[in-house]
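Hi,

Here is the structure I promised to send over.

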Amino acid sequence: HYRVAVPSARVGLPEVKLGLLPGAGGTQRLPRIVGAAKALEMVTSGVPVGGKAALAAGLLDELVPEGSDLRAAGVAFARKVLAEGRPLKKVRDRSVDGATPEAFAEFRKKNAKAFRGFEAPEASIKCVEAAAALPFDEGMRVERAQFMTLMQGVQSQAQRYMFFAERQA
């Protein structure tokens, strides 16, 4: 329901760099937390954001001091949430802010050159659209189908090979 981190935390969904999209509900939950525009930016770029930026975007609910016991800080935050009577609404039950057909079209147009020839960014955009237009479980099915298509594709296989070859070198 809530997320706590230290300021040095890096939060992101780098799968697009492997020719994939964020699976396990990443394309369905992130838009419900940060809105369509920020989710599109994050899932199609694969660039992580720092703790302060994640807090500002709504991805995190509280930053705790560096070097503190993160578990204890998380428990303290949970107690504060309960004491304040904050709602415990599941992310899956939220709606997606800023999700208009025009917003998706503009994002595609703005990034057409950067995305040209790559399958994963478009698949990610389709999944964020599904998050906005469909109930959570149906959006998850769209995400899974898109993920499997990419996973079995030659482009993702090549990008994964390059990633691991660079690390090995």
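Helix H1 (residues 26-34) is mostly covered, with eight of its nine residues buried; buried here means under 20% relative accessible area with a 1.4 Å probe, protein chains only, and helices are DSSP runs of H or I, at least four residues, numbered from the N terminus. Keep in mind that this is a predicted model, where local features need pLDDT of at least 70, side-chain atom pairs count only at pLDDT 80 or more, and totals for chains, interfaces and linings use all residues. Numbering starts from 1 along each chain as its sequence is written, and side-chain values use heavy atoms, leaving out hydrogens and water.

The buried residues of H1 pack against helices H2 (36-45), H3 (51-57), H7 (119-133) and H8 (136-152). Just after H1, Gly-35 has a positive phi of about 90 degrees.

Thr-27 sits in H1 and is buried, at 0% relative accessible area. Its side chain makes a polar contact (N or O atoms within 3.5 Å, one able to donate a hydrogen and the other to accept it; for sequence neighbours, both must be side-chain atoms) with the side chain of Gln-28, at 3.2 Å. Leaving aside residues up to four places away in sequence, Thr-27 touches (heavy atoms within 4.5 Å) Leu-21, Pro-22, Cys-127, Val-128, Ala-131 and Glu-143.

With that same exclusion, Val-34 touches Ala-39, Ala-57, Gly-58 and Leu-59.

Cheers

Note on methods:
Buried < 20%, exposed > 50% of the residue type's maximum accessible area, 1.4 Å probe, protein only. Helix = DSSP H or I, 4+ residues; strand = E, 2+ residues; numbered from the N terminus.
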